[in-house]
Amino acid sequence: ALRVYDTSGNPLTPVTATNAFYGYPPARVIGPPTVFGPLAIDPSCYYDKPTQRWFQVVLTLDVDPKTGQFLGSNHLDLAVSKTSNPTGAWTIYRIPVQDNGTQGTPNHGCSKGFCLGDYPHIGADKNGFYITTNEYSFSGSEFHAAQIYAFSKAALASGAVTVAVTQLDTFGTVGTARNPGFTVWPATTPGDGYANAQGGTEYFMSSDAAQEAKGNGASSDLIVWALTNTQSLNSTSPTLNLSNTTLTVNRYAIPPQSEQKHGPTPLAECLNTPSCSATLIGGPDPFHEVEGPLDSSDSRMQQVVYAGGLLSGALDTTLTLNGVNHAAIEWFFVKPHMSAIGVSGSVVNNGYLGLALNNVIYPAIGMTEDGKGIMAFTLVGQDFYPSAAYSPIDAQQGVGDIHVAALGQGPQ
């Protein structure tokens, strides 16, 4: 669901279901008969200072309204505010991503007929707005490669009825082994300190320990990407150039699951009781709900920012503390460099953040224009229910102490 607040935390709008915001019927209306609507997942939101527009993205999966079964077709839904005020009107664009040759998509040969544009994330430079996805087979087991969707930011901000999109496939583009890109996360830029070399440049970062990237669970590779000549997105025939380079960083590995402080689980108890479950989901819960560990991600890249000429990013990793493996964070600062032959770069600073007996997971970095920032994350473990926490971060000092913004009130 979506809601707009002012900077003091006061709500300015009612709570709006994501489906309603995007003009869809509810995901489910309990009957009889029960009626199903599309499933909108993985929301992201971004405010672009130069255009004074808000951008909101979800991945939407189409379903059979009678059964709720997935149809295979899926699309990115992109909402752009018509003014700087997010409580006003929005323009909505829909980009098909099933990549089976229908609706103008390329055919990437996903088994069982449909690809899935999973895990969309967003970024922007001076000229363009970018969405990246991880493309899997919708019903099969294979991973194809990360996809990059590039739009003219000015065209989106204008509220044009239709806006062209340029799609780039990262299949077979990484290293001498020609591996696929995986979670190629686009950078955002605070203010207007964009990279303007080579006709405008948008940077991305990714990792390669995960199976999808042909990894073996651990790696010391940091892949830096650059999309150049982004000014051409404002023309009728964009000519974009995508390159990448692999830098060496401290070793990272797929983290273990995160244990959490034990406590009461009234929702699980209700779902495990048929009479109570019926009041929540209309019938018995087909699963036996238990209080278990939390997923700690899979070492894929998280939030990427370009500020003060540096790229910052972080990912989840395993870290041994007092002889015990915990889920922790590895963070990076990179100085990228562009030339006519492609992107290169150097690692400026690189390190870990962890806490004994506990886990820190799912980092998200936000930077100011002068390169000072905060890395937010979930803090959870023997001492904490899942809690909102953060550390200060910058390229010179690295990360500071862990601060708790809000303590969790119970286990997941």
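1. In this predicted model, the structure holds 2 cavities of 30 Å³ or more. A cavity here is a set of points, on a 1 Å grid over the protein atoms alone, where a 1.4 Å probe fits but cannot get out. Grid points are joined across faces, edges and corners, and a volume is the space filled by probe spheres set on the points.

2. A word on the ground rules: residues are numbered from 1 along each chain as its sequence is written. Local features need pLDDT of at least 70 and side-chain atom pairs count only at pLDDT 80 or more, while totals for chains, interfaces and linings use all residues, and side-chain values use heavy atoms, with hydrogens and water left out.

3. Let's start with the largest cavity, which has about 40 Å³ of space. Its lining (residues with an atom within 4 Å of a point) is made up of D125, A187, T189, Y194, A195, T201, E202, Y203 and Y306. Strand 12, residues 201-206, gives the most to this lining, with 3 residues; strands are DSSP runs (E, at least two residues), numbered from the N terminus.

4. By class, that lining has 5 nonpolar, 2 polar and 2 charged residues. Ala, Val, Leu, Ile, Met, Phe, Trp, Tyr, Cys and Pro count as nonpolar, Asp, Glu, Lys and Arg as charged, and the others, Gly among them, as polar.

5. On to the second largest cavity, where about 40 Å³ of space lies. Around this second largest cavity sit Y119, H121, T132, T133, N134, T183, V184 and W185. Strand 7 (115-124) and strand 8 (128-137) are the elements that give two or more residues to its lining, and strand 8 gives the most, with 3 residues.

6. The second largest cavity's lining has 3 nonpolar, 5 polar and no charged residues.

How values were computed: 1 Å grid on protein atoms, 1.4 Å probe; cavity = no way out; pocket = protein on both sides within 12 Å on 5 of 7 lines; lining within 4 Å. Helix = DSSP H or I, 4+ residues; strand = E, 2+ residues; numbered from the N terminus.
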